[in-house]
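Subject: Structure handover

Hello,

Here is the structure for you to look through. Please open it first, then read the notes below it.

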Amino acid sequence: MNQTTKWVIGLIIVVIIAWGGYFLLNDSEKTVGEKLRVGAILTLTGGGGPAGEEVQDGMELAMKEFAEPPIELFIEDSATDPKQGVSAFNKLVDSQKIDLAVVTLSAIASAVTPIAIERQIPILQTLVSTPDIAKQSKY
């Protein structure tokens, strides 16, 4: 994937996160000046490693476009393993107090989504193709 494509993907993700953050800020205890805390559970190693690396590169590239990014980004590796994805998600919620999660690949998203619903953390799923995943939540 070339640099322009990475930049476009990253920018789209950051815009979606910022847009979602606007609605979170309007319906939470956060103040307008606070940054949105985003946890990304990416497949940086294992079979899905190349895909996760592309998403990470795009997100980091898009973040560089802002003088003061409106979000704080915390990245964890799921190692393309649903159990590690769940562990990474819980770590981000407990230690980084994330407001929103980004998850790559269907297997990881399928494992993390029910926990995100239970913990009331909005989730943005990328590179997900499982048809029934949208049925897990009304959001």
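The notes below go from the overall fold to single residues.

**Ground rules**

This is a predicted model: local features need pLDDT of at least 70, side-chain atom pairs count only at pLDDT 80 or more, and totals for chains, interfaces and linings use all residues. Residues are numbered from 1 along each chain as its sequence is written, and side-chain values use heavy atoms, with hydrogens and water left out.

**Overall fold**

The protein chain has four helices and four strands. Both are DSSP runs, numbered from the N terminus: helices are H or I with at least four residues, strands are E with at least two. Along the sequence the pattern reads α-β-α-β-α-β-α-β.

The chain has 139 residues, and 40% of them count as buried. Buried means under 20% relative accessible area, exposed means over 50%, and partly exposed is in between (1.4 Å probe, protein chains only). Now take contacts, meaning heavy atoms within 4.5 Å. Among those between residues at least 6 apart in sequence, 64% join residues at least 24 apart.

**Helix 4**

Start with the length of helix 4, residues 106-119. The expected span is 1.5 Å times one less than the number of residues. For the 14 residues of helix 4 that gives 20 Å, and the end C-alpha atoms are 20 Å apart, which agrees.

Helix 4 also bends, by about 30° at valine 112. The bend is the angle between axes fitted to the seven residues ending at a residue and the seven starting there. A proline, proline 114, follows within four residues. Just after the helix, glutamine 120 takes a positive phi of about 60°.

Which residues of helix 4 are buried? They are Ser106, Ile108, Ala109, Val112, Thr113 and Ala116. An α-helix has 3.6 residues a turn, so residues three or four places apart point the same way. The buried residues of helix 4 pack against strand 1 (36-42), helix 3 (82-96), strand 3 (100-104) and strand 4 (123-126).

**The cores**

A nonpolar core is a set of buried Ala, Val, Leu, Ile, Met, Phe, Trp, Tyr and Cys residues joined through side-chain atoms within 4.5 Å. The largest one has 16 residues. Those with the most contacts inside it are Ile41, Phe89, Ile98, Ala101, Val103, Val112 and Ile121. Helix 3, strand 3 and helix 4 each give two or more residues to this core. Helix 3 gives the largest share, five residues.

Look at phenylalanine 89. Leaving aside neighbours within four places in sequence, phenylalanine 89 is in contact with Ile41, Ile98, Ala101, Val112, Ile115, Ala116, Arg119 and Ile121. There is also a second, separate core of twelve residues, which includes Leu36, Ala40, Leu44 and Val55.

**Threonine 80**

Where is threonine 80 found? It is in the loop between strand 2 (71-77) and helix 3. Threonine 80 is partly exposed, with a relative accessible area of 28%. Leaving aside neighbours within four places in sequence, threonine 80 is in contact with Thr43, Thr45, Gly46, Gly47, Gly48, Gly49, Leu105 and Ile108. The C-alpha atoms of threonine 80 and isoleucine 108 are 7.1 Å apart, though the two are 28 residues apart along the chain.

The side chain of threonine 80 also makes polar contacts. Such a contact is a pair of N or O atoms within 3.5 Å; within protein, one must be able to donate a hydrogen and the other to accept it, and residues adjacent in sequence count only if both atoms are side-chain atoms. A polar atom of the threonine 80 side chain lies 2.6 Å from the backbone oxygen of threonine 45. The side chain of threonine 80 also reaches the backbone nitrogen of glycine 48, at 3.0 Å.

**Salt bridges**

How many salt bridges does the structure hold? Three. A salt bridge is a side-chain nitrogen of Lys or Arg within 4 Å of a carboxyl oxygen of Asp or Glu.

- Glutamate 72 and arginine 37 meet at 3.0 Å, N to O. Glutamate 72 is in strand 2 and arginine 37 in strand 1, 35 residues apart. Arginine 37 counts as buried, at 19% relative accessibility.
- Glutamate 76 and lysine 91 meet at 3.2 Å, N to O. Glutamate 76 lies in strand 2 and lysine 91 in helix 3, so the pair ties together parts that are 15 residues apart in sequence.
- Arginine 119 and aspartate 94 meet at 2.4 Å, N to O. The pair links helix 4 to helix 3, 25 residues apart.

Best wishes
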